[in-house]
Amino acid sequence: MNKELPINEQIRAKEMMVIGPNGEQMGQKQLNDALTLARYAGLDLVLMSDNGKMAVAKIMDYNKYRYERQKKIKEQQKKQRETNKELKEYRLSVTIDIHDFETRVRNAKEYLEKGHKIKAFIRFKGRQMARPELGKEVLIRFAEALAEVSQIETQPKLEGRQMFMLLAPKK
């Protein structure tokens with residue numbers, strides 16, 4: 001989105017529709033006349049669109065326009081980040097050690113407090129597929145350890161060799 005618009009002497013169109021600094025239409029002008037008007041006003045002549053029929057140029061302060069456009073883009077990106085909170089994944093196992101489990105709970109708690117969602121999953125290997133209830137117990141225990149800061153959004157469910165569960169932060 002770093003597309004610069006042609007200004008003043010960079011404009012190649014011979015004739016254009018000119019819009020004044022307050023939005024009023026000044027009619028069709030030659031490039032030299034439009035540049036003279038812009039200099040007289042102490043502003044820049046900016047080519048807004050150059051489609052096939054008629055080019056449109058506006059007399060404005062280009063640096064101020066660029067600054068406000070960048071500010072608007074940053075604000076949009078900030079809003080987008082807020083709506084698309086991160087989904088952090090935590091991989092557990094049926095045979096997880098108590099210290100590994102506690103470490104994952106501690107890290108997950110920090111993420112939940114920041115407002116992110118968590119996907120906890122277990123990938124079953126070999127004979128573990130015969131006892132998926134062991135994996136479900138680990139996921140439920142994980143959810144119970146985080147019960148004070150989260151709620152279960154999706155109950156543990158098995159898909160192929162993987163069982164997963166989604167946790168969302170409490171409101």
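In the protein chain, the 35 positive and 24 negative charges have mean positions 3 Å apart. Here Lys and Arg count as positive and Asp and Glu as negative, with His and the chain ends not counted; each charge is placed at NZ of Lys, CZ of Arg, CG of Asp or CD of Glu. The model is predicted, with local features requiring pLDDT of at least 70 and side-chain atom pairs counting only at pLDDT 80 or more, while totals for chains, interfaces and linings use all residues. Residues are numbered from 1 along each chain as its sequence is written, and side-chain values use heavy atoms, leaving out hydrogens and water.

The protein chain contains four helices and eight strands, in the sequence order β-β-α-β-β-α-β-α-β-α-β-β. Its radius of gyration, taken over C-alpha atoms, is 30 Å, well over the 16 Å that the globule rule (2.2 Å times the number of residues to the power 0.38) gives for 171 residues, so the chain is more spread out than a compact globule. Helices (H or I, at least four residues) and strands (E, at least two) are DSSP runs, numbered from the N terminus. Along the principal axes, the C-alpha atoms fill a box of roughly 80 × 30 × 20 Å.

Of the 171 residues, 31% count as buried, that is, under 20% relative accessible area with a 1.4 Å probe, protein chains only. Ala-13, in the segment before β1 (15–19), is buried with a relative accessible area of 13%. Beyond its neighbours within four places in sequence, Ala-13 is in contact (heavy atoms within 4.5 Å) with Leu-31 and Ala-55.

Note on methods:
Buried means under 20% relative accessible area, exposed over 50%, partly exposed in between (1.4 Å probe, protein chains only).
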